Amino acid sequence: MSASSVSGKEFLESAIKQFEEAADILKLDEGLREFLKIPKRTLIVSIPVKMDDGSIRTFMGVRVQHSSARGPYKGGIRYHPSVTVEEVTALAMLMTWKTAVVDLPYGGAKGGVRCNPKEMSNSELERLTRRYTAMISSIIGPLTDIPAPDVYTDAQTMAWIMDTYSQLKGEPTPAVVTGKPVSLGGSEGRAEATSYGVAVCVRESAKKFDIPLKNAKIVIQGYGNVGSYAAEILHDWGARIIAVSDSKGGILLKDGLNPYKVMEHKKKTGSVVNFADAKNLTNEELLEIECDFLIPAALEGQIHKGNANNIKAKVIVEGANGPTTPEADRILEEKKVKVIPDILANAGGVTVSYLEWVQNLQMFRWTKEEVLKKLEDKIVKAFNDVLNHVEKYRIPFRKAAMVLAVERVADAINSRGIWP
Ligand code: NAD
């Protein structure tokens, strides 16, 4: 099993290819290209852990720091059996572009430990996390590299990292990680942050493409953190959520679903399927429904060359990471389906991570309303910045977002100069 449907090597190759395409448009200097293709630092560690049965097991861990041209490194840590150095390198590179698109004062990094958290006890995971933190503690820090949660890591993992780092430094250092529990300096609004960013992108593209948001037909694949909150926010803004799904299947109600009631039903039964008055359908059927906005918010690779031709949405807003394959992208472009790419559409999460860090550094607390307002301003600005590049270079949104990001990073490197 893999966290991603492609190998780490292929994933890295495709991340580099995306970067090269943007570099071509910008006619980027050859030397700068080479510099940005390779991460600045990769630290690989062997993490010994005493298991509950007394045996010792050793796990591979890595932290890849891609670029700090625009600020401290930022990026999550994933625990998964398929973690490879190449996969983490690609993800670190993507973080550099994502933080640049939203204009956060950060670079890009990513961490990973090759382990299967589903087969480990809580205390084994705690020992693994604390030892990994100690082993990368020389390169992370509140002003150098700030990790966050990713696949199979959560607020508890971040609390262990924060505590271990603070013990080693001899002072409480909440700003060393984001995504912490609110009791330890986590931010209000983090739970719905990514969905709020997705909803703002839906609203802004509705304005741009002259689709009234009131009663706009919305289809959402995935009813987890990102999908369910996005459904609730867009419903509250007057849009009509006509279909949603989870791993067990989907439901369709043309008059509009009440997402709060769907969540109650999912909590009771374990799935959205068999919701009152709605028609059950498969995930494949769901993607092909005629609608104004399709929001993939589940896994990567869901819209591919096999189904892209059948997509009848006017706009796709990518809540998930990498839900559209490059082949599908080309087909959608021919069909004139607009795609608001992941590095813009789901950047609400990293933006609230940034706001959490700012609160920690200032020893300040903002209300949820304050956090969401700041988030909204950042996403609206990023959306318009990308739109300017769409119009300036006459390219699709995904390419425009990459060009904007690479341009910002290259500008920072050129202004700083290469020392000595
Ligand atoms: P989650 O685990 O909370 O939810 C995932 C949902 O997808 C679940 O409802 C699951 O049932 C459903 N699902 C799984 N397989 C499916 C399938 N084959 N068809 C339809 N639905 C399926 O995860 P999440 O945090 O909501 O993340 C969703 C996506 O968004 C991921 O790609 C993630 O990388 C991306 N993302 C999340 C955040 C965040 O802040 N949570 C930030 C940026 C990007």
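Leaving aside its neighbours within four places in sequence, which residues is Pro72 in contact with? They are Pro105, Tyr106, Gly107, Leu143, Thr144, Ile146 and Trp357, where contact means heavy atoms within 4.5 Å. This is a predicted model, in which local features need pLDDT of at least 70 and side-chain atom pairs count only at pLDDT 80 or more, while totals for chains, interfaces and linings use all residues. Residues are numbered from 1 along each chain as its sequence is written, and side-chain values use heavy atoms, with hydrogens and water left out.

- Pro72 sits in the loop that runs between strand S2 (56–67) and strand S3 (73–79); helices (H or I, at least four residues) and strands (E, at least two) are DSSP runs, numbered from the N terminus.
- The relative accessible area of Pro72 is 16%, so the residue is buried; buried means under 20% relative accessible area, exposed over 50%, and partly exposed in between (1.4 Å probe, protein chains only).
- Gly107, one of the contacts of Pro72, is 35 residues away along the chain, with 5.6 Å between the two C-alpha atoms.

- The structure holds 29 salt bridges, each defined as a side-chain nitrogen of Lys or Arg within 4 Å of a carboxyl oxygen of Asp or Glu.
- Side chains of opposite charge can pair when their charged atoms come close.
- Glu13 counts as partly exposed because its relative accessibility is 45%, and Lys9 counts as exposed at 52%.

**Salt bridges between helices**

- Asp329 is bridged to Arg398, the closest N and O atoms being 2.5 Å apart.
- This pair links distant parts of the chain, with Asp329 in helix H10 (residues 326–334) and Arg398 in helix H14 (residues 397–416), 69 residues apart.
- Asp329 has a relative accessibility of 19% and therefore counts as buried; Arg398, at 15%, also counts as buried.
- A salt bridge joins the side chains of Arg408 and Asp385 at 2.7 Å, N to O.
- Here too the pair links distant parts of the chain: Arg408 is in helix H14 and Asp385 in helix H13 (residues 368–393), 23 residues apart.
- Arg408 and Asp385 are both buried.
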